[in-house]
Amino acid sequence: MKTYQYPERSAWADICARPVFEQQELMAGVRELLDFVQRSGDAAVRELTRRFDGIHLDDFFVSEPEFEAAIDQVDEELKDAIALAANNIRTFHNQQFHEVPPVDTARGVSCWRQNRPIEKVGLYIPGGTAPLFSSLLMLAIPAQLAGCQEIIISTPAGKSGKVHPAILYTAQFLGLKKVLKLGGAQAVAAMAYGTETVPNVYKIFGPGNQYVTAAKILVQEAGVAIDMPAGPSELLVIADKQARPAFVASDLLSQAEHGVDSQVIFVTDDQKVLEETLAAVEAQVQDLPRRETARAALASSKAVLVADLNEAVAFSNTYAPEHLIIATENALELADYIINAGSVFLGNWTPESVGDYASGTNHTLPTNGAARAYSGVSLDSFQKKITFQRLDRRGIEEIGPAVVLMAEAEQLRAHADAVSLRLQALAREMEAADSQNTL
């Protein structure tokens with residue numbers, strides 16, 4: 001990790017820069033792949049899976065015997081852990097139902113908003129270097145709570161043509177059986193456009209490598225929504241003198257081991273904590289099975305010594321991390337000043353790992369500075385908000401004249417006519433009623 005001591009604020013932007021990778025060639029290649037799938041359907045998906053994954057698939061969907069076999073391949077302790085995590089995720093997301101009750105904005109004018117589920121969603125679950133069954137919990141549970149009618153899961157199969165048993169167990173535990181044995185950009189294309197055997201979906205969720213991310217970005221041109229253009233995983237830790245260097249080091253490495261393009265940032269106001277944490281990182285990385293991956297990520301990671309914790313918070317808000325740990329004595333107080341972060345973890349006893357698995361919050365979060373404007377996945381991500389309004393006669397009389405004036409000012413005559421015709425009809429009806437009363 002490169003160390004910066006008391007950098008000027010003018011240098012923060014450069015320090016906060018993420019690793020840069022060549023995008024132009026990548027996007028062109030992925031676009032060509034998407035076009036192939038859109039033209040040739042199943043045949044293209046089958047060919048691309050053979051080319052990139054080295055397997056031939058006669059049937060893209062996981063069979064019932066494969067589900068049954070997976071149940072016996074997952075040990076009981078892991079099953080219990082999955083059940084615990086699922087319960088916490090369900091409990092947290094179940095509290096996110098919010099609708100706007102009817103509001104009378106003027107006399108005779110009533111407006112309200114209701115939630116409607118996205119009918120068909122696709123969940124991409126990485127299964128290559130790490131089988132992320134936890135991501136399936138994070139995505140499928142809010143989709144089910146939201147009421148999505150069709151949930152398609154896509155995850156790459158191994159060289160044997162089989163999906164990792166923990167992913168299959170989790171799917172069947174949640175009652176989901178539409179699981180595609182597909183990975184990479186071709187999986188995103190199949191769900192986005194649909195093929196002879198793969199149904200198309202309206203929104204695609206889930207993390208993935210750079211090819212999956214590029215595919216998600218590009219399919220939006222066809223009107224398919226995505227959760228967010230998530231990039232490599234990242235973490236920023238703010239620590240003071242009461243932080244435990246061994247804990248902080250383990251947190252930094254927990255994100256560095258995700259991938260060579262991950263990035264971790266350590267910010268502290270204490271020189272001793274800085275030195276001890278960096279030493280702990282070097283000691284702990286030796287024992288990691290994914291140490292080479294972690295070392296590659298650490299090469300583009302940073303450690304920053306700042307004057308005080310206020311400056312640490314300001315630096316964090318500039319970076320806008322996907323994950324933020326505040327390992328300080330006054331963590332709750334500092335949290336009030338965080339404005340840019342995907343998910344925040346407070347205190348020495350709250351590692352980022354709990355959010356990845358079982359605390360209940362969602363781990364599908366904005367990266368690459370997108371936390372300045374984006375939220376992580378939630379129940380809302382699987383719903384649409386539809387507004388309703390109803391006017392009675394008094395309502396059109398109350399606001400109609402203002403609408404006519406505004407529409408005419410914008411030179412939109414038909415808009416004005418749609419209201420003025422109704423006002424004229426009301427006037428005629430009132431005249432007729434007055435005339436009848438006179439008689």
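This is a predicted model: local features need pLDDT of at least 70, side-chain atom pairs count only at pLDDT 80 or more; totals for chains, interfaces and linings use all residues.
Two strands are taken to pair if DSSP finds at least two bridges between them. Strand 3 (residues 109-117) and strand 14 run antiparallel and are joined by 9 bridges. Within strand 14, Gln 383 is the residue that stands opposite Pro 117.

The sheet to which these strands belong is open, comprises 3 strands in the order 2-3-14, and has antiparallel pairing. Strand 2 (100-106) and strand 14 (383-391) each have a single partner strand and stand at the edges, so one side of each lacks a neighbour in the sheet. On average, neighbouring strands of the sheet are turned by 25 degrees against each other, direction ignored.

A helix accompanies this sheet. Helix 16 (residues 393-409) lies across strand 2, strand 3 and strand 14. Relative to strand 14, helix 16 runs at about 95 degrees.

Attention now turns to a pair of helices. Two packed helices are described by the angle between their axes and the distance between the axes. For helix 8 (residues 184-193) and helix 9 (residues 210-219), the packing angle is about 25 degrees and the axes are 7 Å apart. Because angles under 35 degrees count as roughly parallel, helix 8 is roughly parallel to helix 9. The crossing in which helix 8 passes helix 9 is right-handed.

On the helix 8 side, the contact involves Gly 184, Ala 185, Val 188, Ala 192 and Tyr 193, which meet Tyr 211, Val 212, Ala 215, Lys 216 and Val 219 of helix 9. Classified by residue type, this contact of helix 8 with helix 9 has 8 nonpolar, 1 polar and 1 charged residues.

Technical notes. Residues are numbered from 1 along each chain as its sequence is written. Side-chain values use heavy atoms; hydrogens and water are left out. Axes are lines fitted to C-alpha atoms, for helices over the stretch in contact, and angles run from 0 to 180 degrees between N-to-C directions. Helices (H or I, at least four residues) and strands (E, at least two) are DSSP runs, numbered from the N terminus. Angles under 35 degrees count as roughly parallel, over 145 as roughly antiparallel, 65 to 115 as roughly perpendicular and the rest as oblique. A crossing is left-handed if the near helix is turned anticlockwise from the far one by less than a right angle, and right-handed if clockwise. Contact means heavy atoms within 4.5 Å. Ala, Val, Leu, Ile, Met, Phe, Trp, Tyr, Cys and Pro count as nonpolar, Asp, Glu, Lys and Arg as charged, and the others, Gly among them, as polar.
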